[in-house]
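I opened a new model today and kept notes as I went. Here is what I looked up, entry by entry.

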Amino acid sequence: MNDQAETLRQLVSTHHHTSNPAVERTAQIITICSGKGGVGKSNFTLNFALSLQSLGKKVIIFDADIGMANIDVLMGVSSRYNLYHLLRREKRLDEVIHRGPEGLPYIAGGSGISDMFSLTEGDLNYFVSQMETMAQEMDYIIFDTGAGLSKENLKFITSADQCLVVTTPEPTSITDAYALIKVVHGSHPEVPFSLVINRASDEIEARETSDKIILTARRFLELDIRMLGYVREDQAVVKSVKRQYPFLLGFPRSHAAHDIQRLAALYAAVTVSGEHSVRNGIKGFMQRWLKRK
Ligand SMILES: Nc1ncnc2c1ncn2[C@@H]1O[C@H](COP(=O)(O)OP(=O)(O)O)[C@@H](O)[C@H]1O
Ligand SMILES: [Mg+2]
């Protein structure tokens, strides 16, 4: 068998749109990641996406946590079709995009992601063109990834435009977040990181937590990491998980909702001002992703 990765590379680089490139939008590809599991990534992803959407941004969530995908559970909806059906060309893109509260679009990863490398060239061509079509209509494509350093996770993280690392103030969560950053930075120093401190008791604790990571990364990796913001420890989050309804909508006046709205507004403002360059959007993402071993 020839080098399938090489075929994929060519496929992506020679793929052309029929639309006018001058009017194309390029979505920013964001991964939400963490070193340790259970730190609040999925809740963050969902409510961050809803916050961006409430600011008028076009957002889609891609549930890429292969083992523990649960964005749909947090929204109280179920997804009949997922990435698998798209990859097999059994369903079109619009058929695998499901809608959560406020019409928030999302795609469930299902088992599809791990099947990527058994696909025919035709399957992949279709997938790439569908993804590119989708990206033209979006401002942000947000991947909720699994915790830690699995191969699949690293492929997403190192391919994306931006990685938001979620950690709690717990020492184990901090050290695992730093370990993730260190590994990613070691192989792909171009990936920009931002920090989100979840379950902080207050701003002071959030700052102390982020400073530990930021100062260590600066000292030992010569890497600048931005502190994006924090979300306080809040029972509204726990209640919302049980109710299967996002806290931003169910408890809009809660601390958690307030914090994430502020964080999303800051993120949207910074992105618009162009501080973080898009690494060629979905096309760059797909090229890098398919290339990674
Ligand atoms: N800000 C918060 N305040 C209180 N509890 C939280 C908060 N964020 C997350 N949790 C708790 O942590 C649990 C795990 O969150 P989840 O988003 O599923 O984590 P992950 O996706 O990282 O595994 C939630 O079910 C909730 O009980
Ligand atoms: Mg999760």
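**Entry 1: Thr167**

I began with Thr167, which counts as buried because its relative accessibility is 0%. My cut-offs are these: buried is under 20% relative accessible area, exposed is over 50%, and partly exposed is in between, with a 1.4 Å probe and protein chains only. I noted that this is a predicted model, where local features need pLDDT of at least 70, side-chain atom pairs count only at pLDDT 80 or more, and totals for chains, interfaces and linings use all residues. Side-chain values use heavy atoms, without hydrogens and water, residues are numbered from 1 along each chain as its sequence is written, and chains are lettered from A and ligands numbered from 1 in the order in which they are written.

Thr167 belongs to strand β6, residues 162–167. Helices (H or I, at least four residues) and strands (E, at least two) are DSSP runs, numbered from the N terminus.

Which side chain does Thr167 join in a polar contact of 2.6 Å? I found the side chain of Ser173. A polar contact is a pair of N or O atoms within 3.5 Å; within protein, one must be able to donate a hydrogen and the other to accept it, and residues adjacent in sequence count only if both atoms are side-chain atoms.

I also listed what Thr167 touches (heavy atoms within 4.5 Å). Leaving out residues up to four places away in sequence, the list includes Ile174, Val196, Asn198 and Ile213.

**Entry 2: ligand 1**

Next I turned to ligand 1. I counted 15 residues around it, and the closest are Lys41, Ser42, Asn43, Asn198 and Asp234. A residue is near if one of its heavy atoms lies within 4 Å. Helices α2 (41–54) and α10 (235–243) and strands β7 (193–200) and β8 (226–232) each supply at least two residues of this shell.

I then checked single atoms. A polar side-chain atom of Asn43 is 2.8 Å from an oxygen atom of the ligand. A polar backbone atom of Asp234 lies 2.9 Å from a nitrogen atom of ligand 1.

**Entry 3: helix α13**

I looked at helix α13, residues 281–291, and found it mostly covered, with eight of its 11 residues buried. Among them are Phe285, Arg288 and Trp289.

**Entry 4: Gly37**

Last, I found Gly37 in the loop between β1 (28–34) and α2. Gly37 counts as partly exposed because its relative accessibility is 41%. Its C-alpha atom is 9.5 Å from that of Asp176, 139 residues apart along the chain.
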